Amino acid sequence: MADALMLWRQLLQVQEPWTVLDCRADEFNRCMDVYIGVEAPRSWFGFGRGKPVESGPEVMWRHIGFGGWKVQVRVRPPLGSELPRQQWAGEAGMPFTRALDRQILSLLNEGVGMAGVCTLLEVPMGELWRYRYALDKGQHSVGETTSAPDSAAARPLSAVLAYFEDGVKPLPGSQVPSLSDPVWLRLVDGTLNIDVRVLSLQLLLSRIRSQVAVIADEEVRMMKLRDLHRYFVKNERMLSHELQQLSKEAA
């Protein structure tokens, strides 16, 4: 058992004062529950353990899978303390750890649908909808992390635009402005208004504007902006009227 606990400490990169206290395998469902907490400090001269650390309520998050196994992290933080900020933990009330959170957001940013995300990462649709709802309502910030300094969320918005531009570039000769063009930000935040004749675009633009108004996380805002850009790329033929106006405003 000691070897198994050490292995999970290494796989999850659990560092002191946190430690893996237990791990339990459900072979039928191919799911591993990993229990993380704070060990009692050693007594004087290093002999034995001192008084056990009093723990608060257990919280659980779905983590990135290993070797075809689903992983659930169960944490009991010390009573009165904050939740851990590491990648193997998540936000209060959210279903996923920060590491899995970032994978999900990356797939959504690439245009993968909800069903596709569930299939690729083996996450329940109900939990994914709860996660997506929190993003859309500005109730969850993906950029809050302590161990991903080179993440897109840690960069200025202009750098985030460049970071996500690959893969959504319009075809040669297209009228759709580049994703990094400031015209998209102006369109989303409402400082640029164009005459929209296509009903589906009217509905999409209205929804994205209302969502962006309450979203503070720049990476999530970028996902919304990219959804709008992708819509224009896919429907360029029927958006000639709208694109003519965007082209005049583009940098």
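Glu58 sits in the loop between strand E2 (31-38) and strand E3 (59-66), and Arg74 sits in strand E4 (residues 69-75), so the pair ties together parts that are 16 residues apart in sequence. By salt bridge I mean a side-chain nitrogen of Lys or Arg within 4 Å of a carboxyl oxygen of Asp or Glu. Helices (H or I, at least four residues) and strands (E, at least two) are DSSP runs, numbered from the N terminus.

Before going on, the background. This is a predicted model, in which local features need pLDDT of at least 70 and side-chain atom pairs count only at pLDDT 80 or more, while totals for chains, interfaces and linings use all residues. Residues are numbered from 1 along each chain as its sequence is written, and side-chain values use heavy atoms, with hydrogens and water left out.

Back to Glu58. Its relative accessibility is 31%, so Glu58 counts as partly exposed. The cut-offs are these: buried is under 20% relative accessible area, exposed is over 50%, and partly exposed is in between, with a 1.4 Å probe and protein chains only.

Now the sheet. Four strands make an open sheet in the order E1-E2-E4-E3, with mixed pairing. At its edges are strand E1 (18-26) and E3, each of which pairs on one side only. From one strand to the next, the twist averages 25 degrees. E2 and E4 run parallel and are joined by six bridges; two strands pair if DSSP finds at least two bridges between them. Cys31 stands opposite Lys70 in E4.

How many salt bridges does the structure hold? There are 14. As a general point, side chains of opposite charge can pair when their charged atoms come close.

Glu249 counts as partly exposed at 36% relative accessibility, and Arg186 counts as partly exposed at 29%.

Next, helix H4. Its 12 residues (125-136) should span 16 Å at 1.5 Å a residue, and the end C-alpha atoms are 16 Å apart, which agrees. The expected span is 1.5 Å times one less than the number of residues. Which residues of H4 are buried? They are Leu128, Tyr131, Arg132, Ala134, Leu135 and Asp136. These pack against helix H2 (98-109), helix H3 (114-121), helix H7 (199-212) and helix H8 (218-234), where contact means heavy atoms within 4.5 Å. Arg132 and Asp136 also belong to a network of salt bridges with Lys224, Asp227 and Arg230. After H4 comes Gly138, whose phi is positive, near 70 degrees.

Last, His229, which is in helix H8. Is His229 buried or exposed? With a relative accessible area of 0%, His229 is buried. Its side chain reaches the backbone oxygen of Pro177 at 3.1 Å. The C-alpha atoms of His229 and Ser178 are separated by 8.5 Å, with the two residues 51 residues apart along the chain.

Note on methods:
A polar contact is a pair of N or O atoms within 3.5 Å; within protein, one must be able to donate a hydrogen and the other to accept it, and residues adjacent in sequence count only if both atoms are side-chain atoms. Axes are lines fitted to C-alpha atoms, for helices over the stretch in contact, and angles run from 0 to 180 degrees between N-to-C directions.
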